[in-house]
Amino acid sequence: MKAGDYPYPADEFDAADARGGPRGVHRAPRSRRRRLLPFLVVLVVFPLLAYGAVTWLSDWQGLGSGGTPAEGTSTEADEGTTEEEPVEEDAGEAEVPVEPETEEPVETTPPPPPVDLATPVEVFNATSRSGLAGGAAERVEEAGFTAVSAGNWQGDDLEASTVYYATPDQVTTAELVAQTLGITAVQESAEQAPEGVVVVLAADYED
């Protein structure tokens, strides 16, 4: 296009053309720092974004908000443990139940019958010594007996002085009479002692 055919008025851009300068808007050359800025942004921002994404994914798949494992996940301790299978016992080695031992009843000795001081006591002298039965009868009375009599023995001679009693319930009473007179032989004999206690003093008796 020729200069005479240009329909617009001349401006500063036309003046620059006349001087042989550049046309259009003039831009100053960029500095080195501005040229490196996009690369720095890429090197810093992208790693931060990647780290944040990895952290978020691990929190979402692993631990929940309370710090406990999320549903469907297992910890290393769970993976390391295995359930023990119950050991089946051999049917042939089954334990036989042991029956408890029954305690045998303890035999208790019945208490001895009480002494009856009202039991009749007859004291007989089977020796030739005079007054032997009377002295022994007094000693029996002093022991607390209330029905005591003395006499001479009419039966067979005895080698040792003996105390006879009629029934088992009179044994303690007869033993007390024998202890009072110092006699060791005590026998149950309903024949020699039909009633109460009978004392026969032989030659071994000491008054």
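Student: What should I know about the numbering and the model before I start?
Tutor: Residues are numbered from 1 along each chain as its sequence is written, and side-chain values use heavy atoms, with hydrogens and water left out. This is a predicted model in which local features need pLDDT of at least 70 and side-chain atom pairs count only at pLDDT 80 or more, while totals for chains, interfaces and linings use all residues.

Student: Where is confidence lowest, and where is it highest?
Tutor: With pLDDT being the predictor's confidence in each residue, from 0 to 100, the protein chain has a mean of 77, and 65% of its residues reach 70 or more. Confidence is lowest in helix 3 (residues 76-80), at a mean of 50, and highest in strand 3, at 97.

Student: How many helices and strands are there?
Tutor: The protein chain has 5 helices and 5 strands, in the order α-α-α-β-α-β-β-α-β-β along the sequence; helices (H or I, at least four residues) and strands (E, at least two) are DSSP runs, numbered from the N terminus.

Student: Which residues of helix 5 are buried?
Tutor: In helix 5 (residues 171-181), the buried ones are Thr-172, Thr-173, Ala-174, Val-177, Ala-178 and Leu-181, where buried means under 20% relative accessible area, exposed over 50%, and partly exposed in between (1.4 Å probe, protein chains only). An α-helix has 3.6 residues a turn, so residues three or four places apart point the same way.

Student: And what covers them?
Tutor: The cover includes strand 1 (121-125), helix 4 (132-142), strand 3, strand 4 (185-188) and strand 5 (197-201), with contact meaning heavy atoms within 4.5 Å. After helix 5 comes Gly-182, whose phi is positive, near 75 degrees.

Student: Is Thr-162 buried or exposed?
Tutor: Thr-162, in strand 3 (residues 162-165), is buried, because its relative accessible area is 6%. Its side chain reaches the backbone oxygen of Ala-160 at 3.2 Å, and, leaving aside neighbours within four places in sequence, Thr-162 is in contact with residues including Ile-183, Ala-185 and Val-199.

Student: Changing topic, where is Gly-131?
Tutor: Gly-131 is in the loop between strand 1 and helix 4, and it counts as exposed because its relative accessibility is 54%. The C-alpha atoms of Gly-131 and Ala-150, 19 residues apart along the chain, are separated by 9.3 Å.

Student: Which residues make the nonpolar surface patch?
Tutor: Among them are Leu-36, Phe-39, Val-44, Phe-46 and Leu-49, and the patch comes to about 1,100 Å². Phe-39 is found in helix 2 (residues 32-61) and counts as exposed because its relative accessibility is 56%.

Technical notes:
Polar contact = N/O pair within 3.5 Å; in protein donor to acceptor, adjacent residues only side chain to side chain. Patch = residues over 30% accessible without salt bridge, like charges linked within 9 Å, V, L, I, M, F, W, Y side chains within 5 Å. Areas by Shrake-Rupley, 256 points an atom, 1.4 Å probe, with all protein chains shown as cover. Salt bridge = Lys/Arg side-chain N within 4 Å of Asp/Glu carboxyl O.
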